[in-house]
Amino acid sequence: MSNDHDPLLSLAHTQSPHETPRSGSRILVAYFSRSGNTRVVAGLIQRGLGADLFEIRPAHAYPEDYLETVEQARQERDSGFEPELQNKVHALSDYDTIYLGFPIWGETAPPIVRAFLSAHDLTGKTLIPFNTHGGYGLGNSRSVLVKHTPKTKVLEGFVMKGEQERKTMERVNGWLSDHPLTR
């Protein structure tokens, strides 16, 4: 999916590096997206729930080159390295539910997502993942979430294979219509 001229990408706006826009919602949609696929899903969920939106960004961007990013992420994963975050969610206590979106990298959560979880106390909150992947499924990403948020209720989330992009809007909207928070 190209980021250029994609009307769905306009659904997912981002915040300044120092604040999370507040709508009064008790729901936050936090996401990391390298290519834009997860950003689209995040924007649809945010819009569908009237939630606040937060983009997880590393302080130092991953390389533009895909293979360089894969190698860097592999090294970070294997060493347990958690990259520095560009920003954190302020007033996290204002939220009861966090939708956390990210692509699956190397059959797990990207290192920047582990860094996000380590940097934020989600005790007592509900965490609902939404993921995109290239065909290998969720890998061990759920166990990463549970390990990093032991006092958080982690629910089943939304999963989408990357080639299914054309049907993104209808799939996300269908999932949201069956979701307990939208009933």
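Start with helix 4 (residues 141-148) and select Ser141, Val144 and Leu145, which are buried (under 20% relative accessible area with a 1.4 Å probe, protein chains only). Helices here are DSSP runs of H or I with at least four residues, and strands are E runs of at least two, numbered from the N terminus. Look down the axis of helix 4: its buried residues fall within an arc of 100°, so they line one face of the helix; the arc is that of the directions from the helix axis to the C-beta atoms.

A word on what you have open: this is a predicted model, where local features need pLDDT of at least 70 and side-chain atom pairs count only at pLDDT 80 or more, while totals for chains, interfaces and linings use all residues. Residues are numbered from 1 along each chain as its sequence is written, and side-chain values use heavy atoms, leaving out hydrogens and water.

Next, the aromatic rings. The whole structure holds six aromatic pairs, counted for rings of Phe, Tyr and Trp (its six-membered ring) with centres within 6.5 Å; planes under 30 degrees apart are stacked, over 60 edge-to-face and the rest tilted. Select phenylalanine 54 and phenylalanine 116: their ring centres are 6.1 Å apart and their planes at 35°, so the pair is tilted. Phenylalanine 54 sits in strand 2 (residues 52-55) and phenylalanine 116 in helix 3 (residues 111-119), 62 residues apart. Both phenylalanine 54 and phenylalanine 116 are buried.

For a last stop, pick Phe32, Tyr62 and Trp105, which ring pairs link into a cluster.

Methods. Buried means under 20% relative accessible area, exposed over 50%, partly exposed in between (1.4 Å probe, protein chains only).
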